[in-house]
Each structure stands twice: as C-alpha cells, then as structure tokens.
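Open the model in your viewer and get ready to select residues.

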Amino acid sequence: MVAATKTARDGLVRIGVAIEKRLLARFDAWLATRGGGNRSEALRDLVRDRLIATELDAEADVVASVSIVYDHHQRALNQRLTELQHLAGDRVVSTLHVHLEHDRCLEVIVLRGRAGEVRTLADRLVGEKGVLHGGVFVTRREPWTDDDAPAHAHAPAHAHAPAPAPAPAPRRPGAGKRR
Ligand code: NI
C-alpha cells in the first residue's frame with residue numbers, strides 16, 4: 001500500500017514504496033547494468049511494461065517481437081512455423097533466424113497489427129510443440145504516455161507534422177521516450 005504525498009507540477013506524483021533491503025539491492029545492481037539512471041524512471045518503465053501487455057485492447061494498433069528458441073530436428077516444426085507466418089501474411093514484418101548451435105535455432109519474428117490477432121499469433125508461435133523457450137514483447141505503435149487510459153479511444157494528442165503553434169508546448173513527462 002502506498003500513499004501519494006505530493007503532486008508535482010510536472011504531473012508526477014511522489015509515493016513512498018516499502019521494499020525489502022535485499023530486493024532493493026538487486027534492483028540497484030540491475031539498474032547499474034543498464035548504465036545507472038534513476039530508480040523512479042526505472043520503476044515507471046517496469047510498471048508500464050507490466051501493464052502494457054494486459055491493458056491493450058484487442059483493437060489497439062501494435063508491434064510485437066516474438067523470440068523463440070527451438071530444435072530444428074523437431075519433426076515438421078520448421079514447416080509449421082513457416083506455414084503460420086505465411087498465413088499471417090503482412091502481419092509478419094520481418095524474421096531473423098540465428099543458428100545457435102548444432103540443433104538449436106533462435107528466431108525473432110516481428111509482428112504488426114491489431115493487438116488481439118497479434119497476441120493470438122504470438123501465442124501460437126511460442127506454443128508450437130518443439131519450441132523450447134519463447135517470449136513476446138508488445139508495444140503500441142502510438143506513443144505510450146503515462147496519462148493514457150488504455151481503454152480510451154485514442155485520439156492522437158500529438159501532431160506528426162510541425163504544427164503552426166504560436167509557442168512551444170511544455171514537454172510532457174514520458175514524451176519522446178523510446179517507446
Ligand atoms: Ni537454424
């Protein structure tokens with residue numbers, strides 16, 4: 001349970017979070033591996049990552065990367081994976097194949113489309129018999145900002161072409177981030 005203690009002008013709310021000392025040490029060690037940076041930013045990233053996969057509505061426009069490791073000796077698996085991707089048509093943007101060692105391959109498949117169909121396709125790829133390990137990263141094609149309510153119909157709040165604005169708009173927190 002956390003309590004909001006202060007609302008800053010930039011739209012950020014300060015909260016106090018109780019966390020085990022050792023867990024925090026592990027978190028800091030992980031942070032250091034990504035080149036340091038501040039805890040708040042890293043926590044916000046984790047929260048977004050956790051929410052984005054579950055809150056996207058089925059119609060949301062998304063891109064996803066599906067990573068799978070599989071044994072290419074597994075009967076007909078290569079063929080099934082290729083078939084699945086052909087059926088998906090232009091929802092498959094690109095595929096990267098790496099021969100890891102004698103019998104194991106890594107494949108990264110980039111998908112684009114509606115969240116619902118992309119998720120179904122990703123689940124089928126990861127769930128194919130013979131896939132040893134798999135994971136999915138999904139994100140919206142629209143920028144994801146902290147004040148978005150994912151259930152909303154998303155009216156773009158940004159202009160892609162330079163708008164004839166009389167004064168520069170204040171930079172929104174989270175705007176211009178990599179996602
Ligand atoms: Ni291979």
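Select Val-13, Ile-15, Val-17, Ile-19 and Leu-23: they make a nonpolar surface patch of about 420 Å². Patches are built from residues with over 30% relative accessible area and no salt bridge; like charges are joined within 9 Å, and nonpolar side chains (Val, Leu, Ile, Met, Phe, Trp, Tyr) within 5 Å. A salt bridge puts a side-chain nitrogen of Lys or Arg within 4 Å of a carboxyl oxygen of Asp or Glu. Areas come from the Shrake-Rupley method with a 1.4 Å probe, and for residues only the protein chains shown count as cover.

This is a predicted model: local features need pLDDT of at least 70, side-chain atom pairs count only at pLDDT 80 or more, and totals for chains, interfaces and linings use all residues. Residues are numbered from 1 along each chain as its sequence is written, and side-chain values use heavy atoms, leaving out hydrogens and water.

Stay on Val-13. It sits in strand E2, residues 13–15 (strands, E, are DSSP runs of at least two residues, helices, H or I, of at least four, numbered from the N terminus). Val-13 counts as partly exposed because its relative accessibility is 43% (buried is under 20%, exposed over 50%, partly exposed in between).

Next, select the nickel ion. Which protein atoms are its donors? They are His-97 (NE2), His-99 (ND1) and Cys-105 (SG), 2.1 to 2.3 Å away. Donors are N, O and S atoms within 2.8 Å of the metal (3.2 Å for Na, K and Ca); water is not among the atoms, so sites may look incomplete. Along the chain, the donor spacing reads H-x1-H-x5-C. His-97 is partly exposed at 32%, while His-99 is exposed at 62%.

Last, go to Arg-48 in helix H2, residues 39–55. Is Arg-48 buried or exposed? Buried, because its relative accessible area is 5%.

Terms used. Buried means under 20% relative accessible area, exposed over 50%, partly exposed in between (1.4 Å probe, protein chains only).
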